[in-house]
Amino acid sequence: MSTSRAERLANNMENADAAVILNATEPFLDSTYWYLTGISSGTFEGARAIVTSDGKLHTVVSILEEETAKSGSGEVHVYHTDEERRNIMKEVLGDSKKIGINFGSAAYGSAEWLKNALGDGIELVDISSAIAKTINVKDDKEIQIIEKACKITSAVAQKLPDMIWEGVTEKEVASEMGISMLRLGGTGLAFDTIAAFGAYSAEPHHMPCDYKLKKGDTALFDFGSKYDMYCSDLTRTIFLGDPGDVLKRAYKIVKEAQLAGIEKIRAGVPAKDADLAARKIIDDSEFKGKFIHSFGHGIGMDVHQPISLSPKSEQILEAGNIVSAEPGIYIPGVGGIRIEDTVLVTEDGCRILTSYDHDFTVV
């Protein structure tokens with residue numbers, strides 16, 4: 001018999017009697033709440049999700065969210081006042097003393113509220129590693145949803161050569177990309193779209209500005225659609241006219257590095273192996289030291305989930321992990337190259353979920 005998400009979290013908790021997922025107000029909302037309940041809509045500000053040691057899920061929501069909450073998993077408890085919410089929490093948690101919370105996302109005020117609500121003798125413990133272990137392995141339903149998000153993102157990538165011309169601004173293209181993802185069925189953006197032209201493409205996290213594309217410029221796009229709250233992540237680098245020999249050589253090396261890293265992705269393999277394989281390709285070239293971030297990260301309801309494909313990672317990849325594969329070369333004042341795909345880890349290798357032409361593209 002398959003276990004529920006709440007049961008898997010309970011099995012992964014070693015240092016807590018129960019788990020409480022604490023939502024405050026935007027932006028302090030924990031995607032773990034939606035993960036556990038399976039709900040893909042609703043605001044759920046101030047809501048709580050409780051997982052007891054036996055794997056039972058309880059959700060504590062305001063009257064505003066009652067009907068939406070009932071469409072998801074778990075026993076729904078509705079409160080009208082803060083006092084009612086406190087009393088529900090005490091009743092559900094019973095004699096639990098070690099209460100696990102997600103230290104990585106819980107707002108300080110929410111943690112203080114929980115301690116005050118439950119009274120003396122309560123210890124808050126960090127279960128972020130148990131949450132990571134649980135959410136990092138995707139079930140079949142999650143994989144299918146992420147595949148849909150990737151399909152939308154890939155379709156927009158195919159249109160990028162038609163979206164750029166001399167004089168168009170980064171902001172204009174980023175806006176059109178976002179609209180296109182929504183028109184294709186996306187339910188939001190996985191993150192703020194990066195559109196970086198010319199020398200700005202050497203800044204990995206550049207935000208679109210009013211810079212106008214010129215002949216010979218690099219045009220780097222890092223973007224992703226959401227579908228039913230799950231993310232995709234893809235980067236494509238193309239050029240308006242001939243970018244010159246240095247960037248041509250850099251593109252070739254990044255493409256080789258990505259393939260080398262992807263070849264290392266499979267269940268049971270150290271996560272760092274993908275990074276080390278890609279980094280060797282780059283560092284053995286004239287661009288040594290120009291790969292300034294890790295090869296990849298986990299992807300799920302958040303575009304960055306706690307899987308690190310970095311040189312110092314101690315994690316082992318598991319079937320069901322979904323990660324990015326994104327080596328890059330960045331030359332300040334000249335431009336940058338990044339190629340990225342969303343990749344599913346399987347028992348015998350991996351499957352690339354995004355699709356677009358990896359060839360050197362000049363418009």
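**A chat about a predicted chain**

Biologist: Thr193, buried or exposed?
Modeller: With a relative accessibility of 7%, Thr193 counts as buried. Buried means under 20% relative accessible area, exposed means over 50%, and partly exposed is in between, using a 1.4 Å probe and protein chains only.

Biologist: Before I go on, what kind of model is this?
Modeller: It's a predicted model, where local features need pLDDT of at least 70 and side-chain atom pairs count only at pLDDT 80 or more, while totals for chains, interfaces and linings use all residues. Residues are numbered from 1 along each chain as its sequence is written, and side-chain values use heavy atoms, with hydrogens and water left out.

Biologist: Where is Thr193 found?
Modeller: Thr193 is in the loop between β7 (188-189) and β8. Helices (H or I, at least four residues) and strands (E, at least two) are DSSP runs, numbered from the N terminus.

Biologist: And which residues is Thr193 in contact with?
Modeller: Setting aside neighbours within four places in sequence, Thr193 touches Ala174, Met177, Met181, Met207, Pro208, Asp222 and Phe223. Contact here means heavy atoms within 4.5 Å.

Biologist: Let's zoom out. How many helices and strands does the chain have?
Modeller: The chain has ten helices and 19 strands. Of its 363 residues, 54% count as buried. Its C-alpha trace spans about 70 × 40 × 35 Å along the principal axes.

Biologist: Which residues of helix α1 are buried?
Modeller: In α1 (residues 5-12), those are Arg5, Ala6, Leu9 and Ala10. They cover an arc of only 140° around the axis, so they sit on the same side of α1. That arc is taken from the directions from the helix axis to the C-beta atoms.

Biologist: New topic: how many aromatic pairs are there?
Modeller: The structure holds eight. Rings of Phe, Tyr and Trp (its six-membered ring) pair if their centres lie within 6.5 Å; planes under 30 degrees apart are stacked, over 60 edge-to-face, and the rest tilted.

Biologist: Why is the pair of Tyr200 and Tyr211 edge-to-face?
Modeller: Their ring centres are 5.6 Å apart and the planes stand at 80°, so the pair of Tyr200 and Tyr211 is edge-to-face. Both residues lie in the loop between β8 (194-197) and β9 (217-223), eleven residues apart. Tyr200 counts as partly exposed at 31% relative accessibility, and Tyr211 counts as partly exposed at 22%.

Biologist: What about the rings of Tyr251 and Phe360?
Modeller: Tyr251 and Phe360 have ring centres 5.5 Å apart and planes at 85°, so that pair is edge-to-face. Tyr251 is in helix α9 (residues 245-262) and Phe360 in the segment after β19 (349-352), 109 residues apart. Tyr251 is buried, with a relative accessible area of 4%, whereas Phe360 is partly exposed, with 33%.

Biologist: Which residues form one aromatic cluster?
Modeller: Tyr33, Trp34 and Phe44 do. Phe44 is in the loop between α2 and β2 (48-52) and counts as buried at 0% relative accessibility. Phe44 also has a positive phi of about 55°, although it isn't a glycine.

Biologist: Over which ring does the charged end of Arg279 sit?
Modeller: Over the ring of Phe291, 4.1 Å from its centre. Arg48 lies over the face of Trp113, at 4.6 Å from the ring centre. A charge sits over a ring if NZ of Lys or CZ of Arg is within 6 Å of the ring centre and within 35 degrees of the ring normal.

Biologist: Last one: which peptide bond is cis?
Modeller: The one from Glu26 to Pro27, with omega near 10°. Pro27 is in the loop between β1 (18-22) and α2 (31-37).
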